Amino acid sequence: MAKRIDVSGLTAYYGSHKAIEDISMTVEPRSVTAFIGPSGCGKSTFLRTLNRMHEVTPGGRVEGKVLLDDEDLYGSGVDPVSVRREVGMVFQRPNPFPTMSIYDNVAAGLRLNGNYKKSELSDIVEKSLKGANLWNEVKDRLNKPGSGLSGGQQQRLCIARAIAVEPKVLLMDEPCSALDPISTLAIEDLIGELKERFTIVIVTHNMQQAARVSDRTAFFNLAAVGQPGRLIEIDDTERIFSNPSVQATEDYISGRFG
Amino acid sequence: MDISTQTTDAPPPTPQPTVTEQKRNARGATRPGDRVFLGLSRGSGILLLVIMAAIAVFLTYRASLAISKDHGNFLTTFEWNTNLNPPVFGIAVLAFGTVVSSIIAMALAVPVAVAIALFLTHYAPRRLSGPVAYVVDLLAAVPSIVYGLWGALVLVPHMNGLFGWLDHYFGWTGIFDWQGGAPRSMLTVGILLAIMILPIITNVTREVFRQVPRMHEEAALALGATRWEVVRMSVLPFGRSGVISASMLGLGRALGETMAVATVLSPTFDIQASLLDPGGGTFAQNIASKFGEATEQGRDALIASGLVLFVITLLVNGAARAIIARRKEYSGANA
């Protein structure tokens, strides 16, 4: 079941460089939250702190709290591996495992998590591919390599792989920036369906996309190059795009910077 | 003028290049720089083929002279008497020794090399991986005669303990049965060869593992894979063909290694069923130890054995290429 994310006072570093500073926000379950802001403002870094992927980067470390319902992801004794099994992620460039078939790609996460009977596995793979609106396109070639699909299909394969393990939250880091408009539309429709089951957070550079798919929008900015990124405001998407409460947000979405 | 980069809305009418012009453009040989470079690269390619052909012709010609005079069976005779008239010689013992010592070397070296490469690329902290990689490079720079001397003076005297242990626990298998002779046997040769081919396999494998795209590893991490699972799901499959290529480089060296084998092995012209009993020989070792005193006829026989080594190496390389090609569509190359 989808869970609420509650972030308070989160700061993330790359070595001695402070990338984002003092971010607090709440993300409601079964909603889509979009992160927008200029390049380098730390929205992807912040996204990666939500499933403890940030610390995978050499020198990456995090201060602050991220509550998933009531569990602190950064609490002592919390295993980052189990966090990532609860918080799934889809990346900017489609990254299916090149050496695996379509079927094995979707089953990869399940096989990590434990023992499934062959029939159970097939059912979940089918369900996940249907959930990612990919089933009809690949059902006849499940044993072909995933890297033979088009970019948009690969990205939906990655979504199928992520949702197969039934995460509580799905993070998407600019999932459409490498795709053509038609594939982008397919992913956006899919996001609309997936929010019935998951809490979704999406980073995007495309403000129309944020307006189309999200319920809430968070605007990030940084004072100057080299300064840490900060959360400027988070509000209902409609309000952010019509009548934001901070001038900087309005300048950004209307194309006037600084 | 390049037509394809026209960006104006209404391009001025440009005369279409004729078919021959297009052909010449496609071949890229119209400019002097291109022509020189084409000549150089094509020439190098042809040179390589000429050298290969020259070696093959030389080997085949001299070998055919020897084999036509051979009174034994060239493939199965357990004897090397080239001074008799007619001469009697066969490569069975040499082929066996060469293949067995190389198999031992590969079985020992490949897993260790892959483990070292994984450690250096995925486990070791950066300030440790640099120096360790440097030491591995140093190992590759040691001349093979030095390995041979070290093998004969240090490795051989220290093998008794291992041989006794193997004989005690695994003697019943036959291949680890030890009569108590000096440990100048195939197993010692194999161990020494393993040490010698370790650096080249490690270096190539490390380069391959380092090139595993970050996004493939993050894909596994984001699914909740542990570090070992990341290695198993992303790194090893991606590096598979590279590991095979690296192993082939090592195998090539093991098959052809001469001085180290000649220094450590006490050669005989028969096949030992046990890996621990001294005796046997390899192609390269046999050529090195007999070439100096060989008659014209003896040299031709040695060249014939060299031809067999050449063919074995070609077969092994072909097999490796076939393995890599069979799963090409699953390789990381098209990702």
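1. Chain A has ten helices and ten strands (DSSP runs numbered from the N terminus, helices being H or I of at least four residues and strands E of at least two). Its radius of gyration is 18 Å, close to the 18 Å that the globule rule gives for 258 residues, so chain A is as compact as a globular protein of that length (radius over C-alpha atoms; the rule is 2.2 Å times the number of residues to the power 0.38). Along the principal axes, the C-alpha atoms of chain A fill a box of roughly 55 × 45 × 30 Å.

2. This is a predicted model, in which local features need pLDDT of at least 70 and side-chain atom pairs count only at pLDDT 80 or more, while totals for chains, interfaces and linings use all residues. Residues are numbered from 1 along each chain as its sequence is written, with chains lettered from A and ligands numbered from 1 in the order in which they are written. The model scores ipTM 0.88 and pTM 0.81.

3. In chain A, 48% of the 258 residues count as buried (20 or more other C-beta atoms within 10 Å of the residue's own; exposed is 12 or fewer, partly exposed in between, with C-beta atoms placed from the backbone). Of the chain A contacts between residues at least 6 apart in sequence, 68% join residues at least 24 apart (a contact has C-beta atoms, placed from the backbone, within 7 Å).

4. A:Met172 lies in strand S7 (residues 169-173) of chain A. A:Met172 counts as buried because 28 other C-beta atoms lie within 10 Å. Leaving aside residues up to four places away in sequence, A:Met172 touches A:Val90, A:Ile200, A:Ile202 and A:Val203.

5. UniProt (unreviewed entry) lists "domain: ABC transporter" at residues 5-247 of chain A; such positions follow the numbering used here, feature names are shortened, and annotations may be inferred rather than shown by experiment. That stretch is 35% helix and 27% strand.

6. For chain B, the unreviewed UniProt entry places "transmembrane region" at several stretches, including residues 87-120 and 186-205. Residues 87-120 of chain B are 85% helix and 6% strand, with end C-alpha atoms 54 Å apart. Residues 186-205 of chain B are 100% helix, and their end C-alpha atoms are 27 Å apart.

7. Chain B averages a pLDDT of 86 (the predictor's confidence in each residue, from 0 to 100). Among its elements, helix H1 (residues 19-27) has the lowest mean pLDDT (54) and helix H3 (residues 92-123) the highest (95). Over residues 1-11 of chain B, pLDDT stays under 50. Where pLDDT is low, predicted coordinates should not be read in detail.

Note on methods. Contact = placed C-beta atoms within 7 Å.
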